[in-house]
Amino acid sequence: MDQALFRLLMLRLRGGFRQRLIQLTSLRGLLFFLAFVGIIWLLVATNSSSSDMVSMSDAALNRQALSAQISTFMPISMLAMSLLTVALTTGPTFHFSPAEINFLFTGPFRRRDLIIYKFGAYVAGATLSSALIAVFAQGQTGSALSAFFASLLTITFVQLNSAVIVMTSQTLEGSRLARIRYPVIALLITAAAASIVYAWMAPDRSLFDLLSAFRYSWTGTIILIPYIVFAELFVSSSLSQLAFWGCIALLINTALLRAAIVLDARTTDRALSDNARESSRWERVKQGGSYWATQRAEVRSFRFSPAWGGLGPIAWRQALNVARNSLKVVAVFTGIAACAGPLIAAVGIPLSDPRVLTVIYTFFGFILPRTLVCDFRGDLSRMEIYKTLPIAPWRICAGQLVVQVLVTYVVVLSLIVSITVFEKGFVTSGALVFAAFALPLTVLIYTIENTIHLLFPKKLVPMGRADFEFLGRSLVEFIAKTIVILVAVAASAAVGFATFTTFRTSLVLPALASWITLALIVLLTLVLMQNAFRRFAVAETVD
Amino acid sequence: MITVTNFSKQYKGFTAVKDLSFSVEPGQILGLLGPNGAGKTTTLRALCGIIPPSSGRLVIAGHDIAEAPIAAKQNLGYIPDDPRLFDTMTVWEHLAFTAAAYKVTGFEERAEALLASFELTHKRDTLVHNLSRGMRQKVAIACAFLHDPKVILFDEPLTGLDPQGIRGIKQAIRERAQAGSAIIISSHLLSLFEDLCTHIMVLNLGECRLFGTMDNVASEFGQTEDSSALEEAYFTITQNKETGQA
C-alpha cells in the first residue's frame, strides 16, 4: 500500500478509537458500553455454563454434530449470500466518501493503491467484528485465536467475493451475457421454491435433507468448492488442519483482491457514479431519511391531503414516505413473512417451538422496527415542523403511528396466512385470534419504540462498526421493550384467565376480556407517548 | 397581535433570555438584532411554541402560546433558518400537507399563486431533496404563507437565496405587513432591517438593549459617513456592554 495512504488509514483508525474513548467519558456512553459488554458477557457465560452442565462425551458429541452442520450448510449459506448480493446490490463495491473522492482521487495515487487502501480499511473493520465473533465461536474451533482467524478470513472472503461478482456483472453489462442475469436468477428462485414445495409435500424428507444431498453431490461440491474451504476452517480440529485451510483461504482472498483490482479498471466510470449516489443516500440516512429512497427527481404529486381532524396530514405524510422510500423493504418483509409458513413446515419444527417463537419475535420486535421506519424515529430533524403545527399532540402521535402500524400489520397478516395454509393442525379460528391480538401488540411495539425515542432521541445509524454506545443502547432498548411487552401480555392473559375461572363459559369471553385489557394498556402507552412528545425539546439553540 | 410580557428562558442554569417585554401590532415589522447567543432564536422558538418559556407570557393573536397552543399556532407562520422539509414529498405535497394541517379549504388557487410568486411553478412535482437550499427556503416560506397567518416569524429569511430570490422575499414580506400581518425578522443583515423594518429591537446577552421605531433609532444615533444609524446603534450598544463587562 502507498505509504501516505497507509498513514491515512492509521490516522483514521486512531481517530475512530479516540472517538470511542470520548463516548466513554460521558455517563450515558459509559453506561451503554457497560450494558453492551455485560450482555455479551452474560451470553458467553450462559453458553459456557450450559456446555459445562452436559457430560464430556455429550459435549464431544454436540461438537461433532455442530461441525457436521457447519460443513454441510455453511457453504450453501455463503453461496446464497453471494447470489443475493448480485441480485440486490445497489451501491458501489468499494465505496469512497465525498472527502475521500476530494482528497484521494485528486492526489498522486494509482487506482489500485486506492482499492488496496479501501480494502485495508475494510479488513480493519472486519478484525473488530471477528474479535466479537471469536468470543462466541471459540467453543466450536477450540480456541479464540483459531476462531478469530477463521472469522476474519471468512468475512474478508464474503466482501471480496461479492465485490468480484458485482464487478464482473458490471463489466459484462451491455454484452450478451448480461441478458441472462435475470433469467438465471429466476431459474434459481424457481429451483429453490420447487425444493421447498417438494420438501413440504414429501412426508419423509425435510428441506435440510435436500440441501444436504445437494451439498454432498458432485455438482454441489464443484459449485461450492471455494465456500467449502471456509467451512473447513471453522471445523478444523487441529492446528495443522487450521494452517492448511487457512493458507488456501488466504490464497483465495489474494486472488479475489487481484481480480477486484483488474476488474475495477474496467468499471471506474460506473464506480464513480455509484459512489456519488451512495454518498447522497448516506447523507439522507444521517438526516433521518431512508437508504432506499427513490432516486427520481420528479414524481406525480398527490393533489390533496386528508384532514381527519389533524391526524390525516401526518398519516398521509408517512404514507408518502413509505410509498417512495420503503416500498421495496415492505415487499421484501412481506415476502419473507409469506415464506415463513412453508419454511417452518419444510424444516419440520412445530410453531410452538421456542426457537421459532424467538425468531418471529426478533423479526417483529427488532429487525422490522430497525429497518422500516416511518414514524417519529425518522423525523428527528423535522420535529420543529410538528411542534409548530396547530394540531393536538395526541393526534400528531396517533397520525405518526397509523402507517407504521398498518404496514407492519400487513406483514403480520401475511405471516399468519402463510402459517395457516402450510402448518398442519393450525386452524382458522386460531389464525383469527392471532390476527386480533397482533394488532394491539403491533401498536404497543411502536408506541414503546416512539416513546423511548422521544424521551431519549438518538441517531438511527451507528457511527461506524465499533459504535458500542449505539449497540449497547439498541440492546438495552430491545430488552426494555421486551419487558413491557411481556408485562402487557401477562396482564392480558391474567385477566383472560380470571374471566375464564369466574364465568366458566366458552373461550370467547375470556379472549375478549384479554383483548380489551391489551387495548387499554396500549392506550395507556399512547398517553405516555403523547407526554413524551409534549416534553420533547427541539435542539435548544441559544442564539 | 404579538405581546410578550416578562419572558425569560433558562437552559440548565444559563439565562438565554431575561425579562423580555414588547409588542408588535398588525402591519408592523420588528427586526430582532443581536450578536450570536443574544437570544434571538430562543425568543422566536418560544413564540412559535417549539420551546416552553421558563416564565412570562407570550400571546399570539390573543392566544397564550402555553395555554392555548393550537389556537395560537393556527395564526402563526414560522420560517426557520434551516428549512428541514420532508424529503420524500414534492413541493406541491408540502402545500397540500400544510393546507390539511391548518384546515385551509380550497387551497389550490392560493398555492398556485404562491408557487408563481416564488418562481416554483416548474418545480411543483419535484421531490424537495433535489432542490437547492434557496429553493427549499422558498418552499418553507410558501408553506408558511399558505394559511394567511396573522403573525409571521422569520429566522434569517435570506440565507441561501440569490439576488432575485432576495428581492422576491422582501417584496412578499412588505405585502404581508401591508395586508395586516405582524412580522418579526431575526437576522444579522442590517441592510435587511433598514429596507423592511418599522421597529427594531437589539438584544445582547439575553436582554433588550434597545426597542423603538426605525425613526427613533435614526434620530438617537444619527448617521455617520462610514455607517448607518442602525449600524451605529448596534455597535454602540453591543460593544459598550462588552467593554463594560470586561
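Predicted model: local features only at pLDDT ≥ 70, side-chain atom pairs only at ≥ 80, totals over all residues.
Local features need pLDDT of at least 70 and side-chain atom pairs count only at pLDDT 80 or more, while totals for chains, interfaces and linings use all residues. Residues are numbered from 1 along each chain as its sequence is written, with chains lettered from A and ligands numbered from 1 in the order in which they are written.

Start where the chains meet. Chain A puts 38 residues in contact with 39 residues of chain B; contact means C-beta atoms, placed from the backbone, within 7 Å. On the chain A side, α12 (311-347) and α14 (383-388) each supply at least two residues. Helices here are DSSP runs (H or I, at least four residues), numbered from the N terminus. The largest share, 8 residues, comes from α12(A). By class, this side of chain A has 17 nonpolar, 10 polar and 11 charged residues. Ala, Val, Leu, Ile, Met, Phe, Trp, Tyr, Cys and Pro count as nonpolar, Asp, Glu, Lys and Arg as charged, and the others, Gly among them, as polar.

Now look inside chain A. Two packed helices are described by the angle between their axes and the distance between the axes. The axes of α16 (residues 428-455) and α18 (residues 508-535) of chain A come within 9 Å and cross at roughly 20°. That makes α16(A) roughly parallel to α18(A) (angles under 35 degrees). Axes are lines fitted to C-alpha atoms over the stretch in contact, and angles run from 0 to 180 degrees between N-to-C directions. Residues in the contact include A:Phe437 and A:Leu444 of α16(A), and A:Trp515 and A:Met529 of α18(A). By class, the contact has 20 nonpolar, 4 polar and no charged residues.

Move to chain B. Helix α1 (residues 40-47) has 8 of its 8 residues buried, so it is largely enclosed by the rest of the structure. Buried means 20 or more other C-beta atoms within 10 Å, exposed 12 or fewer, and partly exposed in between. Among the buried residues are B:Lys40 and B:Arg45. After α1(B) comes B:Gly49, with a positive phi near 85°.

Most residues other than glycine have a negative phi. A:Trp308 has a positive phi of about 40° although it is not a glycine. A:Trp308 is found in the loop between α11 (268-286) and α12 of chain A. With 16 C-beta neighbours inside 10 Å, A:Trp308 counts as partly exposed. B:Glu119 is not a glycine either, yet has a positive phi of about 55°.

Key
Contact = placed C-beta atoms within 7 Å. Parallel < 35°, antiparallel > 145°, perpendicular 65-115°, else oblique.
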